[in-house]
Amino acid sequence: MDEKFDCIIVGAGVAGLAAAMILARNNMKFLLIEKGEFAGSKNVSGGVLWGSDLARLVPEYWQEEDGGWERFINHRRLTFLDEQSAFSIDFKSSHFNETPYSGVVVLRSKFDRWLAEKVQNAIDESDFAMESFIATNIKVDEVLMENDKAVGIRTGEEEFSADSVIIAEGVNNLLTRQVGLQNDYVPADHILTGIKEVIRFDQKVLEDRFQLNGLSGMSNEFVGYATDGVEGGGFLYTNRDTISLGLVAGIKDMREKEKSPHDLLNNFKMHPVIKDILQDGEIVEYSAHAVSSGDKRVMPREVYKDGVLLCGEAANLLMNAGKAIQGMDYAMRSGILAAETIVEAKEQADYSSQTLKQYKQKLQGSYVMKDINSFQDAVHMLHNPTMYQDMPNLICDFGRKFFTIDNEPTKKSRNLLSESVKKHSSYWDLMKIGFKGAKSL
Ligand SMILES: Cc1cc2nc3c(=O)[nH]c(=O)nc-3n(C[C@H](O)[C@H](O)[C@H](O)COP(=O)(O)OP(=O)(O)OC[C@H]3O[C@@H](n4cnc5c(N)ncnc54)[C@H](O)[C@@H]3O)c2cc1C
């Protein structure tokens, strides 16, 4: 295969597959290379794919009985935990039952594989049905550069040439560093470890336990005791007959507090409220993966250069401002925008940074960079121990008193709140947090 491709995409995660779909639909000749045995085999997410971009890639995907997704989200919950209690903000709405859904739970080994099949169908219908490929089980070792412009890739002894390369390699962005777009050193406090178990239930038990109807599903994020004093949070998402339960925890903080991911997850599962939820469940899968903190300070210095575009978590596109982790939807949108830029570059027969910088403009104009820019203060706030320790303790302490009825005179809520504030924090700290929170959210 010594012919030149219009584009080579590295990585068949959400970003790479989204890019590939757009290239195939636009009759581009491309190669999508994935190091895993199949698309998704190495990928981990909680995970909810938020937003409706999936419907742009696979129109009416919800019509497929056994599509790549598990359940749509119509029930959301944010829970604060202390050692014994859980205080939740709970929101459920039939508004979320409408298609296109605004969030679907996915299991990546199934979802990415399914999406790769859809991309293959699009390739089969394109002008390059016999000349565009999805190649798995191949690791890209190097992006080939000539005069600081990408001209292809090398895998082992083999080289493939292309007019452009989309790097969609995910959070461990070695090629991004190799082409000089990211510093070699990324501080450990900007990377988290995600750990997750998939726990199976009898489907009826699962549906009753979480009040699911048909393919509706629930997402639950946890703050506080979930990570036992370590920066991060927990999550629970309902799949068809399993749940995904896990944590994301700061690597630096874990090391300093001498906690292991495994101990943290076990601790979370032993919480009395979580233990009740997990009754009669059987662990069928365990996985771990790095995940970005979403801090802009560790983003690559640029998302393009001559012949190269970066998308997804390779470009550190992620948001975790407390309400949800958004990585897959950012990966999908950035993959779409990167591929659209490559299509335009081909039309102009110019893959230089002069043309490719339009990708940056598209990204800046999209909700992805708008959100990353406007919620940076919230991302920084979550590094503050008050947010993942004192606040959840305070909230649960107040909740316990508020909901206790014990044949004693009932105190006014404001007095209860005052007691909890004094016990776990101070009005001064709360004012600071409140002020920052009002500014950042
Ligand atoms: C525990 C956990 C929970 C999460 N929960 C959520 C959630 O609920 N919602 C959400 O939106 N996001 C979530 N995320 C984040 C989300 O998973 C990522 O942001 C998203 O997967 C990024 O997509 P991507 O395509 O950029 O990278 P990836 O999905 O990581 O894909 C990169 C691909 O590139 C391949 N690759 C890498 N290097 C090479 C190479 N040299 N050669 C060939 N192939 C290569 C990899 O094998 C992989 O398939 C979570 C992450 C974790 C770890």
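Which side chain makes a polar contact with the side chain of S88? It's the side chain of T79, at 2.7 Å. Keep in mind that you're looking at a predicted model. The protein splits into domain 1 (7-60 + 105-182 + 300-365), domain 2 (191-292) and domain 3 (379-440), and a ligand sits with 37 residues around it. Here's a quick tour, starting with the ligand.

**Around the ligand**

- Out of the 37 residues around the ligand, the ones that come nearest are E34, S45, G46, R108 and E313.
- E313 uses its side chain here: an N or O atom of that side chain is 2.5 Å from an oxygen atom of the ligand.
- G46 works through its backbone instead, with a polar backbone atom 2.7 Å from a nitrogen atom of the ligand.
- V14 also brings in its backbone, placing an N or O atom 3.1 Å from an oxygen atom of the ligand.
- On its own the ligand would expose 1000 Å², and the protein buries 97% of that.
- Several elements give two or more residues to the shell around the ligand, namely α1 (14-25), β14 (232-238), β16 (282-292), β20 (325-326) and α9 (328-347).
- Strand β16 provides the largest share of that shell, with three residues.
- Sorted by type, the shell has 18 nonpolar residues, twelve polar ones and seven charged ones.
- Both domain 1 and domain 2 take part, each giving at least three residues to the shell around the ligand.

**How domains 1 and 2 meet**

- Contact between the two involves 18 residues of domain 1 and 18 residues of domain 2.

**Three serines to look at**

- S292 belongs to strand β16, the strand with the largest share of the ligand shell.
- Is S292 buried or exposed? S292 counts as buried because its relative accessibility is 2%, which is under the 20% cut-off.
- The side chain of S292 makes a polar contact with the side chain of N316, at 2.4 Å.
- Leaving out residues up to four places away in sequence, S292 touches V171, H190, L192, E313, N316 and L318. E313 in that list is also one of the residues that come nearest to the ligand.
- S132 sits in the loop between α3 (108-124) and β7 (133-135). With a relative accessibility of 3%, S132 is buried too.
- The side chain of S132 reaches the backbone oxygen of M28 at 3.2 Å.
- Beyond residues up to four places away in sequence, S132 touches M28, K29, F30 and I123.
- S88, from the opening question, is part of strand β5. Its relative accessible area is 33%, so S88 is partly exposed.
- Again setting aside residues up to four places away in sequence, S88 touches R77, L78 and T79.
- From S88 to Y427 is 339 residues in sequence, while their C-alpha atoms are 22 Å apart in space.

- As background, most peptide bonds are trans, and most residues other than glycine have a negative phi.
- Which kind of peptide bond runs from G46 to G47? That bond is cis, with omega near -10 degrees.
- G47 lies in the loop between β2 (30-33) and β3 (48-50).
- You'll find P100 in the loop between β5 (86-92) and β6 (103-106).
- N27 isn't a glycine, yet it has a positive phi, near 55 degrees. Look for N27 in the loop between α1 and β2.
- N27 counts as partly exposed because its relative accessibility is 30%.
- D148 is another non-glycine residue with a positive phi, near 65 degrees. The loop between β8 (142-146) and β9 (149-155) holds D148.
- At 48% relative accessibility, D148 counts as partly exposed, since exposed would call for over 50%.

Technical notes:
Residues numbered from 1 in each chain as written. Predicted model: local features only at pLDDT ≥ 70, side-chain atom pairs only at ≥ 80, totals over all residues. Heavy atoms only, no water. Near = heavy atom within 4 Å. Polar contact = N/O pair within 3.5 Å; in protein donor to acceptor, adjacent residues only side chain to side chain. Areas by Shrake-Rupley, 256 points an atom, 1.4 Å probe, with all protein chains shown as cover. Helix = DSSP H or I, 4+ residues; strand = E, 2+ residues; numbered from the N terminus. Nonpolar A, V, L, I, M, F, W, Y, C, P; charged D, E, K, R; others polar. Domains from an automatic or database assignment. Buried < 20%, exposed > 50% of the residue type's maximum accessible area, 1.4 Å probe, protein only. Contact = heavy atoms within 4.5 Å.
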